[in-house]
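This briefing is meant to be read with the sequence and the model side by side.

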Amino acid sequence: MALDIAGHVAGSDGVLHVSGQITYDDVAAYMDSTRYLDLSGAAQQTHSTLPFARGSYWMEPVRPDVHLTGCDLEYLNEERVVGCYRPSLFVGMLTAGEHTGFVGGRSIASQRIGVPTLLGVGREVEITSGQRRGQICRMSGFHIGADFLRSLAEDGPAGSAGLARLLDDGFAFHEIEHSVALRILLTQLANNPYSGALGQIYAESRILSALVELAGLLHQAGDSAIPVLSRSHREHAEQARLLLDARLADPPSVPELARTIGLNETDLRRSFKSAFGTTIIDYLRDRRLDVARMLVRQRELSVATIAYRV
């Protein structure tokens, strides 16, 4: 079934497309049926019926256990939502803004525009949102279910067993910056020139080509999964981010931030980078730009006043 923003049934093609003001309730029921994500926990959130973002989010089946997906969002709040990530593979590419969050206690933050990202999960693990108010995230890619991936490993091209091993290892996160071919395939997938049956055939061909490219890359390289952040270090990173957000016009220095949180500077820098995929200084710069853009759009303050505030 396809859902519009009000959650009404709009067809029987298995497509989800929501736009405008988006709530967790708008996507939770559909996601639970796809085998990739269970956001039913979002229904337990006090504000699950209130918009968490504006923009658009979509997911479209290409074949059983294979879905196109993408989003173009501006987040409206920082409420954390916890769900369950099921055994699957996601391959996508950020085209604007940044992506943040935690899967199984590991950060999957990225600010690298145009760099293909791979996330493989071999067992059900907790997923936690990590957005901030005003954050932009525009990305697209595809989900592959565990059953399809394992069948591909048995009957697919040479090297495709490496794709299934991503699930066997339990967790894998890669940023694949050196593959021009994969970047081109994901760009073509995001800009599908066709619609209807021809569009679906085109999308399937791009996805299968991307999997063949990935299989070859993984055959050549070992796993480089990112390290686990402890709960205490993740909480320290979150606390540092909140302090920075509260004092954008007059931010604390890194030594002051470390003293306030009760962590040494080296651990704070490392925890912050692991949690959010950026340094404290770069985060502060980008956050100021986010706020400035938001204030400019509101047209209530002069540019000089905005510059003084941020």
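The side chain of Thr 69 reaches the backbone oxygen of Trp 58 at 3.1 Å, a polar contact in the sense of a pair of N or O atoms within 3.5 Å, where within protein one must be able to donate a hydrogen and the other to accept it, and where residues adjacent in sequence count only if both atoms are side-chain atoms. This is a predicted model, in which local features need pLDDT of at least 70 and side-chain atom pairs count only at pLDDT 80 or more, whereas totals for chains, interfaces and linings use all residues. Residues are numbered from 1 along each chain as its sequence is written, and side-chain values use heavy atoms, with hydrogens and water left out.

**Thr 69 and strand 4**

- Thr 69 lies in strand 4 (residues 66–75), where helices (H or I, at least four residues) and strands (E, at least two) are DSSP runs numbered from the N terminus.
- Thr 69 has a relative accessible area of 6% and is buried, a term that means under 20% relative accessible area, with exposed being over 50% and partly exposed in between (1.4 Å probe, protein chains only).
- Leaving aside residues up to four places away in sequence, the contacts of Thr 69 include Tyr 57, Trp 58, Phe 90 and His 143, contact meaning heavy atoms within 4.5 Å.
- Nine of the 10 residues of strand 4 are buried, so strand 4 is largely enclosed by the rest of the structure.

**Partners of strand 4**

- Strand 3 and strand 4 pair in the antiparallel sense over 10 bridges, two strands being counted as paired if DSSP finds at least two bridges between them.
- Within this pairing, Glu 60 has Leu 68 of strand 4 as its bridge partner.
- Strand 3 and strand 4 form a hairpin with two residues between them, and Asp 65, in the turn, has a positive phi of about 75 degrees although it is not a glycine.
- Asp 65 counts as buried, at 10% relative accessibility.
- Strand 4 also pairs with strand 11 in the antiparallel sense, over nine bridges, and there Leu 73 stands opposite Cys 137.

- Five strands form an open sheet in the order 2-5-10-7-8, with antiparallel pairing.
- Strand 2 (37–38) and strand 8 (106–107) stand at the edges with a single partner strand each, so one side of each is left without a neighbour in the sheet.
- Two bridges join strand 2 to strand 5 (residues 82–85), and Leu 37 has Tyr 85 in strand 5 as its bridge partner.

**Enclosed and open spaces**

- The structure holds two cavities of 30 Å³ or more; on a 1 Å grid over the protein atoms alone, a cavity is a set of points where a 1.4 Å probe fits but cannot get out, a pocket is an open set with protein on both sides within 12 Å along at least five of seven lines, and lining residues have an atom within 4 Å of a point.
- The largest cavity holds about 810 Å³ of space, and among its 39 lining residues Leu 37, Tyr 57, Tyr 75, His 99 and Ile 127 lie nearest its centre.
- Elements giving two or more residues to the lining of the largest cavity include strand 4, strand 5 and strand 11.
- The second largest pocket holds about 290 Å³ of space, and of its 20 lining residues Glu 60, Leu 68, Leu 189, Asn 192 and Ala 203 lie nearest its centre.
- Strand 3, strand 4 and strand 11 are among the elements that give two or more residues to the lining of the second largest pocket.

Note on methods: Points joined across faces, edges and corners; volume = space filled by probe spheres on them.
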